[in-house]
Amino acid sequence: MPGKILILDSVPTNRIVLKVKLSNAFYQVAQASTLEEALNIIRTDVPDLVVVGSENAGDDEGVQLCAALRSSALAASLPVLLLTAQPTREYRLKALNSGADDVFAKPVTEAALLARIRSLLRTRDADEEWRLRDRTSGMLGFAEQSASAFEKQASILFATPDRSDGLRWRTQLQPLVPFTLMHKPLCEALSAMAKFATPDAFVIALSAKAPEEGLRLLAEIRARTATRHSGVLVVMPDNMSDTVIDALDLGANDVMAHGFDPEEMAVRLSNIIKHKRFRDNLRRNVQEGLEAAITDPLTGLFNRRYALPHLKRIAEFSSRNKRDFAVMVADLDYFKKINDRFGHAAGDIVLSVLANRLRNALRPVDLLARIGGEEFLIVLPATNREAATDVAARLCQVISREPVYIQKSDIQIPVTVSIGVAMASDHHTTGAISGTTLLDHADRARYGAKSTGRNQVSLETVTPPNLSYATRGH
């Protein structure tokens with residue numbers, strides 16, 4: 001089923017007529033005649049959207065129901081549509097301020113209503129998906145909810161057919177909102193974005209004569225990675241119901257179907273920005289959680305959790321394509337003595353500097369990870385024995401070239417590494433190459449480098465190089 005909708009209307013005939021329309025669109029429909037009944041339904045089986053029906057726009061019944069739903073913890077996050085007879089501008093503003101996402105006049109145009117429902121349900125589905133990912137990250141202990149005490153001021157870009165309209169709208173709206181407002185002609189909106197940061201929301205004005213230009217801009221915004229998550233409010237003159245449907249189905253977050261109104265625009269833009277910031281925070285939490293799951297917090301390198309599966313994929317690819325590759329384990333020499341003599345804080349600085357030196361000396365395609373206290377895994381894809389040995393020797397030189405300076409203590413700590421190297425081609429005859437097996441061999445080679453003097457490279461060899469492997473240099 002595409003979703004469950006709750007109809008809240010005191011008139012049975014209204015509920016029945018609306019239920020038929022929604023059921024024909026394959027929505028699951030529940031009905032309530034009072035607020036108490038609606039909250040009981042929400043408590044037992046949460047719907048995806050609530051449609052509130054009101055007979056008369058003059059009695060404020062619908063507005064009060066919307067406000068009551070928004071004030072309830074059960075329904076506070078649910079999209080709400082209000083249907084009422086002959087809503088005035090003042091009534092529409094009261095309804096939006098009370099928590100309604102949109103207001104439709106009765107008799108409602110079925111196609112427009114269904115388009116608005118689709119739009120709101122897409123937004124709700126996206127919110128729920130990010131909520132789920134965020135909860136999963138939190139349960140796994142990857143990240144905690146991050147809250148900023150200072151929100152960056154939101155930015156809005158007006159894109160209008162006529163430059164003067166954009167300037168006029170901006171001037172009238174600015175006293176009503178705490179946003180940074182910009183304006184560009186429709187034809188310049190996307191190209192101008194190369195000169196400034198992506199706005200939090202676009203306001204696109206459609207002309208009655210040529211609405212296609214604005215709709216093309218809307219489609220471009222939704223298609224581009226940089227602007228995909230920006231909010232979009234579309235403004236159009238009266239009597240363009242077909243264009244309303246097109247705008248909503250192309251991805252507009254909201255539509256003003258009665259032309260420009262600064263007070264109404266202020267409310268709608270505030271709602272768009274509020275929802276965008278909510279989703280941005282969830283996306284940021286998830287991203288931070290994923291980074292925390294695979295990143296070593298001290299050095300910023302990948303950790304063992306990420307490195308071992310990635311090594312397995314490299315091994316599978318190399319085995320399948322007969323490409324040689326190298327696995328190295330680099331170990332910081334005398335790290336315990338550094339900690340004992342200079343303290344653990346100095347030891348952490350040494351590890352961070354070492355990680356940076358290794359990172360700067362390797363290719364972007366190479367894998368570098370911290371897999372133990374002072375141990376680092378290095379994997380060089382598509383690399384032959386000679387190139388791998390040269391790289392390992394160069395890494396030793398890069399690390400030992402200059403001591404690590406500890407500014408707080410004004411001391412310099414000499415550092416060296418011992419590196420063990422294992423080549424995939426040495427293990428080709430044993431069948432499929434195992435990344436963990438190569439890691440074990442590289443680790444044993446590292447012990448060889450340690451036991452024979454440190455600050456050197458030890459190459460583990462099992463059999464002569466297998467010539468069936470491609471030999472690409474590093």
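## Close-up views of a predicted model

**View A. The lining of the largest pocket holds 9 nonpolar, 9 polar and 11 charged residues.** Here Ala, Val, Leu, Ile, Met, Phe, Trp, Tyr, Cys and Pro count as nonpolar, Asp, Glu, Lys and Arg as charged, and the others, Gly among them, as polar. This is a predicted model, in which local features need pLDDT of at least 70 and side-chain atom pairs pLDDT 80 or more, while totals for chains, interfaces and linings use all residues. Residues are numbered from 1 along each chain as its sequence is written, and side-chain values use heavy atoms, with hydrogens and water left out. Look for R70, D101, N271, K274 and H275, which lie nearest the centre among 29 lining residues; a lining residue has an atom within 4 Å of a point. Helices (DSSP H or I, at least four residues) and strands (E, at least two) are numbered from the N terminus. Of these elements, α10 gives the largest share of the lining, 9 residues, and α4 (89-98), α5 (110-139) and α10 (262-294) each supply at least two.

**View B. The second largest pocket has a volume of about 480 Å³.** Closest to its centre are V103, F104, A105, A257 and H258, out of 23 lining residues. Strand β5 brings the largest share, 4 residues. By class, this lining has 13 nonpolar, 4 polar and 6 charged residues.

**View C. Helices α2 (residues 35-44) and α3 (residues 61-71) pack at an angle of about 35°.** Their axes are 11 Å apart; axes are lines fitted to C-alpha atoms over the stretch in contact, and angles run from 0 to 180 degrees between N-to-C directions. The contact (heavy atoms within 4.5 Å) joins L35, L39 and I42 of α2 to L65, A68 and L69 of α3. Its residues are 6 nonpolar, no polar and no charged.

**View D. W169 and F260 form a stacked aromatic pair.** Their rings sit 4.7 Å centre to centre, with 5° between the planes. Rings of Phe, Tyr and Trp (its six-membered ring) pair if their centres lie within 6.5 Å, and planes under 30 degrees apart count as stacked. W169 belongs to α6 (residues 163-173) and F260 to the loop between β10 (254-256) and α10, so the pair ties together parts 91 residues apart in sequence.

View E. The peptide bond from K106 to P107 is cis, with omega near -5°, and P107 lies in the loop between β5 and α5. F26, although not a glycine, has a positive phi of about 70°; F26 is found in the loop between α1 (12-24) and β2 (28-32). Most residues other than glycine have a negative phi, and most peptide bonds are trans.

Key: On a 1 Å grid over the protein atoms alone, a cavity is a set of points where a 1.4 Å probe fits but cannot get out, and a pocket is an open set with protein on both sides within 12 Å along at least five of seven lines; lining residues have an atom within 4 Å of a point. Grid points are joined across faces, edges and corners, and a volume is the space filled by probe spheres set on the points. Rings of Phe, Tyr and Trp (its six-membered ring) pair if their centres lie within 6.5 Å; planes under 30 degrees apart count as stacked, over 60 as edge-to-face and the rest as tilted.
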